[in-house]
Amino acid sequence: MTTARPARIRVGVVGVVVGLGVLAVLIAAAVIVVPIVRPPGPRPAFQLPVACGETWQLGTYPGHDDYDVDLFPTKGKAWGRPVLASAAGTVSTAGINGTLGGRTPENPDGPRGRGGGYWVTIDHGGKWETQYLHLLEPPLVREGDRVEQGQQIGKVGSTGNSGAPHLHYEQRRGWEKVETWFDGVPSGITTDDREYTTRAKSNNC
């Protein structure tokens, strides 16, 4: 009679352990899944990622991919111009995308690299992200850094797969690229089925 009781206790303990394990898995799944399915938050007040008061040309071309923007200054040289955070956030990537190549101010026709070269991505919260590619030098920020709107994160260059010094810029909502907005106004760069440009003045002050 007495020998059966420990077996029942062991079965009960095992059941409790299994139940707690299942509960832990469900909680972990909720922690992962809920943020994924939650809709994006409101669009941050993005500004042009360049110095206050400057006018830049925004452009795209066939094969550039929808919503990607290339920025060129309308006055002066592009090499080394400050690249600024479009909005406050946390640096999620700061390093090299692809390979750097050999295009520099001293050798502007050097070999192209692959991908985005030196780049930075910033998480602005609410599933919003910005990306900054082809920077001249290693980024001035590191992963995990908190940055404020207008803070310099790099310099305009031509690393990666770039034909001339410029800033390749993207805004993403969730995992999808969307039309870039600056100072509360859509940029007008939407699709890549033709080559076209617009101009915008920076209020990133």
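Glu143 touches Val91, Ser92, Thr93 and Ala94 when residues up to four places away in sequence are not counted, a contact being a pair of heavy atoms within 4.5 Å. Glu143 lies in the loop between β6 and β7 (146-147); strands (E, at least two residues) and helices (H or I, at least four) are DSSP runs, numbered from the N terminus. With a relative accessible area of 54%, Glu143 is exposed. The cut-offs are under 20% for buried and over 50% for exposed, with partly exposed in between (1.4 Å probe, protein chains only). Between the C-alpha atoms of Glu143 and Val120 the distance is 8.7 Å, and the two residues are 23 apart in sequence.

The model is predicted, so that local features need pLDDT of at least 70 and side-chain atom pairs count only at pLDDT 80 or more, while totals for chains, interfaces and linings use all residues. Residues are numbered from 1 along each chain as its sequence is written, and side-chain values use heavy atoms, with hydrogens and water left out. The mean pLDDT of the chain (the predictor's confidence in each residue, from 0 to 100) is 89. A value of 70 or more is reached by 82% of the residues. Over residues 28-34 pLDDT stays under 50, and for this stretch the model has two contacts beyond four places in sequence.

In sequence order the pattern is α-β-β-β-β-β-β-β-β-β-β-β-β-β. The chain has 205 residues, of which 37% count as buried. Among contacts between residues at least 6 apart in sequence, 69% join residues at least 24 apart.

The largest nonpolar core has 29 residues. Such a core is a set of buried Ala, Val, Leu, Ile, Met, Phe, Trp, Tyr and Cys residues joined through side-chain atoms within 4.5 Å. Leu58, Leu71, Val120, Tyr132 and Ile153 have the most contacts inside this core. Two or more residues each are given to the core by β1, β2, β5, β6, β9 (167-173) and β13 (196-201).

Strand β5 (residues 114-125) contains Ile122. Ile122 counts as buried because its relative accessibility is 0%. Beyond four places in sequence, the residues that Ile122 touches include Tyr132, Val147 and Ile153, and also Gly89, Thr90 and Val91. The C-alpha atoms of Ile122 and Thr90 are separated by 5.5 Å, although the residues are 32 apart along the chain.

The largest pocket holds about 360 Å³ of space. On a 1 Å grid over the protein atoms alone, a pocket is an open set of points where a 1.4 Å probe fits, with protein on both sides within 12 Å along at least five of seven lines; lining residues have an atom within 4 Å of a point. Of the 23 lining residues, Tyr61, His64, Asp70, Phe72 and His166 are the closest to the centre of the pocket. The elements that give two or more residues to the lining are β1 (55-60), β2 (69-73), β5 and β6 (128-135). The largest share, three residues, comes from β1. By class, the lining has four nonpolar, 14 polar and five charged residues. Here Ala, Val, Leu, Ile, Met, Phe, Trp, Tyr, Cys and Pro count as nonpolar, Asp, Glu, Lys and Arg as charged, and the others, Gly among them, as polar.

The loop between β1 and β2 holds Asp65 and Tyr67. Phi is near 90° in Asp65, a positive value in a residue other than glycine. Tyr67 likewise has a positive phi, near 75°. Asp65 is partly exposed, at 38% relative accessibility, and Tyr67 is partly exposed, at 29%.

Thr180 is placed in the loop between β10 (176-178) and β11 (181-182). Its relative accessible area is 0%, and Thr180 is therefore buried. Leaving aside neighbours within four places in sequence, Thr180 is in contact with Tyr67, Val69, Tyr169, Gln171, Val185, Pro186 and Ser187. Thr180 and Tyr169 are eleven residues apart in sequence, and their C-alpha atoms are 8.7 Å apart. Gly184 belongs to the loop between β11 and β12 (185-186) and is exposed, at 56% relative accessibility.

Methods: Grid points are joined across faces, edges and corners, and a volume is the space filled by probe spheres set on the points.
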